[in-house]
Amino acid sequence: MLTAIGTGILNVVSMGKVFRLEEAELKLTKNSTLTTDEEIKRYHNANKEFKVLSAQMIEEIKKKSGEHEASIIEGHILLAEDIEIVNTVEEALKNSSISAEWAVAEVFDNFANMFSSMDDELMSQRASDLKDIKTRLIYILQGKKMESIKDLKEQCIVVSRDLTPSQTSGINKDIILGIATEVGGKTSHTAILSQAMEIPAILGVSNLMSSVKNGDFIIMDGKTGEIIINPSDDIIEKYKKISEEQKDAKRLLEIYKDKETITKDGVKLHLFGNIGTPNHVPSLLKNGAEGVGLFRTEFLYMDRPNFPTEEEQFQVYKEVAEALEGKPVIIRTLDIGGDKDLPYFDFPDEDNPFLGYRAIRICLDKTEIFKVQLRALLRASAYGNIRIMLPMIVSLIEIRKSKELIEEVKKELSKENIAFNKDIEVGIMVETPAAAVSTDILGKECDFFSLGTNDLIQYTTAVDRGNDKISHLYTEYNPGVMRLIANTVNNAKKNNIFVGMCGEVAQNKYMIPFLIGLGLDEFSVSPTAILPTRKLISELSYKELKEKVQEILNLETSDEVFNYLKNLISE
Amino acid sequence: MLKKSFVIENKQGLHVRPAGVLVKAIKDFDSSIKINHNDKIIEAKSLLGIMGACIKCGDTIEFQVDGSDENEAMKAIEEVIESGLGE
């Protein structure tokens, strides 16, 4: 029994028989019997064919593993057509009477060597892209078909020195139980594929190919990156048990994917997800989110030299709204300042940035910046169910001023004959004690509340949680915080408006029963927390918990609150 | 011929993705488009050329555009760089 170690990509155990994918051996003839022009024509035809085949591959990949994988092959088309490459190949053909295959091999190898000598993972990745393109072009020139693992019929673990995107396109996860390669790391194509398709992989295992034969039995432990070759029966049993447990846990969650979020006694709740960029949308939908409860828009403003234009913002909001197909998308307006800086905006030096010039305060001061975002949001509202959420509210005045600006923008858009949702909902993030205490007033003039618990806890307990000396005081179980949450939900009910929560507390299993008892309408959590949260909610009874709310609110210390809630869930 | 300099703000420099976004945006113009990077002239329509130049965050690059559609091409370059090259 041998053990090898690499980088595990998914934290799961898998096992099976080895199928070795040998590297394509290219037999090339150097000298050509054709004229230079004929060889150049063969090369151009091969490039055309390459483009057609790649386009088919992209379609297939998009269906199975998503956009990112497809963009790799799109990059291949760009590289194959690259004028430096095309010119160099043509020159090589013109200078001596060699075959197109030979010229392609030489030119691509030269470029690949240049990249692999750069000692940078991203660059050496490009070297393997070039080798992949080279092999495919030569196969096309020779009229041969590439061996692909998508044609395998028997379940196996594919072991190879490297896997190229073209070899992995269209693979079937019911057949391929795992992938192990000698090269690659966390950012390689194979890693991305493994994550997108949920195929376990262990990459970067040195000497792998000399350690395994076809038909060997191997266990892959993605957590530790271990590969155990031909293990004893005891070891197999042990790992089978682990694997079964992992599968059970996953199956349990999959049951909840397409279910409604509903308590044991039939109360329907809304379970949304939080996102930071449109890239998070697929994982949100894959996990069965019923909407976006918090779309942070800061990414649009960061890592760039200037403010994003209305058009750029509009495209992003529209993309998310359309992807959600009518499900609610709550978009938080710019929440900059505090610890989030912008390189092109001059923030004043402040002693207390968290108590300073940030979020809605900047937006209402620099209305020209705010209006660009509002226009983009309103325009995008014509393409889905967008709701606007204002951060850092401390009084009614900010809501009124923001709504005045929204009305101004609506008028402008109407004049310009641009479509938008006239009844777009405008709500607030309840994340300051001032807002939480006065939710009875604020609720009269907005359409929804969303509790932002991270800031609410920080401002209520007056604790910077990065400060080790006092960070233990930062806790949602503080009775003051608990009462502010309760007050907010109660006042939402009195005003007949929707109330949700988008902070970390919404996915805290000890807090969820309390929130259900209060009557919170919506929980917005990180994508991976959606299914466990839905499962937990389905096991709780609103009627029973409602009876306990007052008792919980009467508890006198954080410890009492925590112990009570902990007992509640283990009952 | 038009010339204009830009400072690259992409954190990892012009690696594959941003370079790809740039090439896609300009490759169909008829004008010749070159980049001057530390006095080396690079073919801007070539993904390989750009990646091989190892342009880092904070580097200044000068675009040299020459041809019948040079105004449109320069405008496209400005737009795509200002948009952050897809990042």
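Across the interface of chain B and chain A, the rule finds 1 salt bridge. Glu81(A) forms this salt bridge with Lys27(B), and their closest N and O atoms lie 4.0 Å apart. Keep in mind that this is a predicted model.

**Interface of chains A and B**
- On the side of chain B that touches chain A, helix 1 (16–26) and helix 2 (47–52) of chain B are the elements giving two or more residues.
- Helix 2 of chain B supplies the largest share of that side, with 5 residues.
- By residue type, the side of chain B that touches chain A splits into 5 nonpolar, 7 polar and 7 charged residues.
- Chain B brings 19 residues to the contact, and chain A brings 21 residues.
- About 1,700 Å² is buried between the two chains, with carbon and sulfur atoms giving 70% of that area.

**The sheet of chain A**
- Chain A holds an open sheet of 8 strands with mixed pairing, in the order 1-8-7-3-4-5-6-2.
- Strand 1 (2–5) and strand 2 (7–8) of chain A are the edge strands, each pairing on one side only.
- Strand 5 (residues 176–181) and strand 6 (residues 201–203) of chain A run parallel and are joined by 2 bridges.
- Ile179(A) has Ala201(A), in strand 6 of chain A, as its bridge partner.

**Helix packing**
- Helix 9 (residues 233–255) of chain A packs on the sheet, where it touches strand 3 (13–21), strand 7 (217–221) and strand 8 (226–229) of chain A.
- The direction of helix 9 makes about 110° with that of strand 3 of chain A.

Methods: Residues are numbered from 1 along each chain as its sequence is written. Chains are lettered from A and ligands numbered from 1 in the order in which they are written. This is a predicted model: local features need pLDDT of at least 70, side-chain atom pairs count only at pLDDT 80 or more; totals for chains, interfaces and linings use all residues. Side-chain values use heavy atoms; hydrogens and water are left out. Two strands pair if DSSP finds at least two bridges between them. Helices (H or I, at least four residues) and strands (E, at least two) are DSSP runs, numbered from the N terminus. Contact means heavy atoms within 4.5 Å. Axes are lines fitted to C-alpha atoms, for helices over the stretch in contact, and angles run from 0 to 180 degrees between N-to-C directions. Buried area is the accessible area (1.4 Å probe) that two parts lose on being put together, summed over both. A salt bridge is a side-chain nitrogen of Lys or Arg within 4 Å of a carboxyl oxygen of Asp or Glu. Ala, Val, Leu, Ile, Met, Phe, Trp, Tyr, Cys and Pro count as nonpolar, Asp, Glu, Lys and Arg as charged, and the others, Gly among them, as polar.
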